[in-house]
Structure formats: C-alpha cells, structure tokens
Amino acid sequence: MNVVIAGAAETDEIGRLPGHSTLGLHLEAARNALADAGMTKDDIDGIATVGTPGPIQVAHALGVTPSWLDGTGVGGSSFLFHVRHATAAIRAGLCRTVLITHGESGRSRVGAPRFAMAPDSLMGQFEVPYGVMGPTTTFTLTALRYMKETGLTHEQLAEVAVAQRRWAHLNPRAMHRDLITVADVLASRLVAYPFHLLECCLVTDGGGALVVTGEDRARRGDPVYLLGSGEAMDAPMISQMEDFTTSKGFRLSGEAAFAEAGITHGDVDHLMVYDAFAHVPIYGLEDLGFVKRGEAGAFIAEGHTSPGGRLPMNTNGGGLSYTHTGMYGMFAIQEAVRQLRGEAAAQVPGAEVSVVLGNGGMFASAATLVLANRLP
C-alpha cells in the first residue's frame with residue numbers, strides 16, 4: 001500500500017505567541033492540517049504526538065477516539081518516527097488515517113512543563129556536575145572535536161548560518177530575515193565556545209500537524225509519498241557517543257531510508273537537515289553521504305546549499321532563522337511537503353524528491369524520511 005502525507009499545516013503564526021497554550025497550539029495545527037487535507041476529525045482513527053499534552057489528551061480535546069496511538073518521545077526527531085510508525089500501522093491495518101500533531105510554547109512557556117534534571121539520572125550523575133547541561137554546552141563537545149580533527153574553521157561554521165539566512169530572507173514567515181555575513185555571525189555574542197548567538201537555534205512558539213493515510217483515501221490531488229524511512233540511535237548521553245565527529249544515528253537511519261526508497265544521492269533535489277546548532281547540518285551532509293568526511297564546511301561555504309546551489313538545504317531558513325520551538329522535526333517535514341507541492345516561499349524549481357533528517361536530543365536519536373511527489 002502506498003502511504004502519503006495528505007495534509008500538512010503549521011499554526012497560523014510562529015514566533016512569540018503568549019496568548020496560546022501548548023494544547024491550543026496542537027489543536028490549531030490539527031485543525032489547519034485537517035482543512036488542508038480536506039478532511040474532518042471524523043476521518044481520523046490514529047493519533048501521534050510527543051510530550052505534554054500527549055496523544056490521549058490531544059485526541060480527547062479534538063473529540064476523536066482513535067484505534068491507534070503513538071506517544072514516542074525521542075526529542076526533536078520524534079515526528080519523523082511518528083510518520084514511519086503511522087505508515088507501518090496503516091499498512092498493518094491497525095488504522096486508516098493518522099493525525100500527527102505538534103505544539104510547543106518554547107519561548108512563552110505557556111502550559112509548558114518545567115525542565116529539571118533528576119540528580120540520580122545518568123546525566124545528573126556524570127555530566128551535569130561537570131557543567132555539561134543542555135544543548136549549548138553539550139553540542140560544544142562534538143563541534144570542537146570535529147573542528148580539531150577535520151580542520152573546520154570558525155568562518156566555515158559561520159557560513160552555515162549565513163546560507164540559511166539567505167533562504168529565510170525569502171520566507172515571509174521566518175523569524176529572522178535580514179541577510180547576514182560571516183563577520184556578523186562572528187561578531188554576535190559568544191554563547192558557548194565555539195558557538196556565537198547566530199550559530200544557535202531560535203527559541204520560539206508554534207506547532208504543526210500532518211495527516212498520513214493510504215493513497216486511496218487522500219482527497220488532495222497532490223499527495224506526498226513516503227518512499228523510505230529509517231530510525232536509529234546513538235547514545236543517551238553525548239559523552240557516550242561512539243565518535244564525537246559523526247552521528248551513528250544519522251548514518252544508520254539514512255542508509256535504511258535510502259535503501260527502502262531505492263534512491264541514490266543524485267536523485268535528491270532537496271534536503272532538510274535538523275539544525276539545532278550550526279554544526280549539525282555539517283554532520284548531516286557527511287553522514288548521509290552527500291559529501292566526504294571533512295568536506296561539508298567548504299561545500300556550504302561555496303554556496304552549494306544556498307539559493308541557486310546544487311543541493312538546496314533547509315530552505316525555510318531552518319532552526320537558525322525560521323523557527324525552533326524546542327522540537328524542530330515537524331517544521332522540517334512541513335517544508336519538505338511544501339517544496340514537493342510547489343508551494344514553498346523559496347521554491348526549488350522541479351523539486352521531486354526530498355530527504356528529511358531529524359535529530360533528537362544531542363545526537364541521541366535520528367530518523368530519516370525520503371519523500372516524493374510521485375512514485376518512481
């Protein structure tokens with residue numbers, strides 16, 4: 001059975017939304033996605049989401065009694081996992097149409113739970129006492145080791161933010177749209193060496209939702225097909241990664257997705273790589289096999305991922321310039337769908353195959369989707 005994304009939409013606004021609760025963001029995104037799909041809540045018999053509120057609360061608030069639920073929570077890549085799991089459930093006959101929702105008051109913190117690290121957890125015992133807490137101090141470990149071993153320069157790292165701002169400049173919904181230079185990035189406030197402010201993701205409010213179903217049930221004339229997917233993990237703590245300079249999860253999930261889809265790198269027209277911090281797209285390019293080890297920094301600096309480049313990447317502006325509510329994976333999928341429908345603000349001409357790579361935590365989980373606007 002061919003499974004498609006039949007509906008995709010974000011909340012009406014993204015950015016600073018103090019008047020929206022977390023649950024409200026879920027519901028607004030859900031209503032928008034259902035309208036986009038030409039469906040109603042009565043068409044839904046599967047619900048997937050992550051965090052608080054979970055799938056039961058979202059289903060109840062929508063007035064849906066699903067036969068299938070998924071609350072998989074593995075960080076920002078969770079929504080890619082949900083697409084993969086929903087596809088398997090539909091093919092197994094466990095449900096027919098799945099609504100995947102996301103809502104997060106990352107900036108305003110309305111209805112958001114307070115984050116606390118349990119002192120008896122592994123991270124609480126073995127990382128937090130040494131000052132390693134949260135993305136700004138954990139991701140530095142990987143970035144610095146990568147820079148040391150490959151020769152990536154501060155200027156090349158800054159080029160990631162510059163390239164993605166070029167895309168955001170073309171996107172009216174992006175939180176930051178003004179063009180920037182490498183000098184601007186390096187002059188911005190140092191947050192945690194080697195990351196400057198413009199190399200760190202945004203903190204925003206917003207949400208999005210997807211409707212996943214069989215091709216025969218899709219009501220739009222432009223469904224987006226899931227050709228292949230993969231999911232993987234590395235380690236629960238960044239200090240326990242096999243290699244700080246590469247993501248095992250990126251590699252394994254990418255290999256699985258490409259193999260299932262039966263595509264090669266030359267078939268890919270568009271790429272979305274989760275970009276919590278500027279070095280993550282560099283890992284994505286290399287671990288997915290688009291460039292060799294140590295070449296991604298120069299590849300981006302040469303303009304290959306920018307508008308007009310041969311591998312358009314993070315075309316909404318990414319987590320660095322578009323939005324980042326805390327779990328970004330939903331927005332990466334949304335942009336891939338827009339590109340394949342020909343509806344993106346910064347449209348890639350002739351985009352037919354898009355690869356979406358999601359990261360969860362600090363390289364803890366990963367998932368890859370291969371999407372297309374037609375079957376091979």
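This is a predicted model: local features need pLDDT of at least 70, side-chain atom pairs count only at pLDDT 80 or more; totals for chains, interfaces and linings use all residues.
1. Asn-314 is buried, since its relative accessible area is 0%; buried means under 20% relative accessible area, exposed over 50% and partly exposed in between, for a 1.4 Å probe and protein chains only. Asn-314 is placed in the loop between helix 10 and helix 11. Its phi is positive, near 55°, in a residue other than glycine. Most residues other than glycine have a negative phi, and most peptide bonds are trans. Helices (H or I, at least four residues) and strands (E, at least two) are DSSP runs, numbered from the N terminus.

2. Residues are numbered from 1 along each chain as its sequence is written, and side-chain values use heavy atoms, with hydrogens and water left out.

3. Phe-363 also has a positive phi in a residue other than glycine, near 65°. Its location is the loop between strand 10 and strand 11 (365-372). Phe-363 counts as buried because its relative accessibility is 1%. Ring pairs join Phe-363 to a cluster with Phe-139, Tyr-146, Phe-195, Phe-250, Phe-277 and Tyr-283. Rings of Phe, Tyr and Trp (its six-membered ring) pair if their centres lie within 6.5 Å; planes under 30 degrees apart count as stacked, over 60 as edge-to-face and the rest as tilted.

4. How many aromatic pairs does a search of the whole structure find? The search finds nine. Phe-258 and Phe-290 form an edge-to-face pair, with 6.2 Å from centre to centre and 70° between the planes. This pair links distant parts of the chain, 32 residues apart: Phe-258 belongs to helix 8 (residues 248-261), and Phe-290 to the loop between helix 9 (280-287) and helix 10 (296-301). Both Phe-258 and Phe-290 are buried. Tyr-274 and Tyr-328 form another edge-to-face pair, at 5.4 Å centre to centre and 90° between the planes. Here 54 residues separate the partners: Tyr-274 is in the loop between strand 9 (270-273) and helix 9, and Tyr-328 in the loop between helix 11 (318-321) and helix 12. Tyr-274 and Tyr-328 are buried.

5. Helix 9 is mostly covered, with eight of its eight residues buried. Among them are Pro-281, Glu-286 and Asp-287. The cover over the buried residues includes helix 5 (135-150), helix 6 (154-168), helix 8, strand 9, helix 10 and strand 10 (353-360). After helix 9 comes Gly-289, which has a positive phi near 95°.

6. Gly-284 counts as buried because its relative accessibility is 0%. In contact with it (heavy atoms within 4.5 Å) are Phe-250, Val-273 and Leu-357, not counting residues up to four places away in sequence. Gly-284 and Val-273 are 11 residues apart in sequence, and their C-alpha atoms are 6.2 Å apart in space.

7. Helix 3 (residues 78-91) and helix 12 (residues 329-341) have axes that come within 7 Å and cross at roughly 60°. Helix 3 is therefore oblique to helix 12. Axes are lines fitted to C-alpha atoms, for helices over the stretch in contact, and angles run from 0 to 180 degrees between N-to-C directions. Angles under 35 degrees count as roughly parallel, over 145 as roughly antiparallel, 65 to 115 as roughly perpendicular and the rest as oblique. Phe-79, Leu-80 and Val-83 of helix 3 make the contact with Gly-329, Met-330 and Ile-333 of helix 12.

8. Which residues touch the most other members of the largest nonpolar core? Of its 94 residues, they are Ile-5, Ile-100, Leu-271, Leu-285, Ile-333, Val-356 and Leu-371. A nonpolar core is a set of buried Ala, Val, Leu, Ile, Met, Phe, Trp, Tyr and Cys residues joined through side-chain atoms within 4.5 Å. A second, separate core has 17 residues, including Ala-9, Met-39, Ile-47 and Val-64.

9. Two cis peptide bonds deserve attention when the backbone is inspected: the bond from Thr-52 to Pro-53 has omega near 5°, and the bond joining Tyr-193 and Pro-194 has omega of about 10°. Pro-53 is in the loop between strand 2 (46-48) and helix 2 (55-62). Pro-194 is in the loop between strand 5 (190-192) and strand 6 (195-196).
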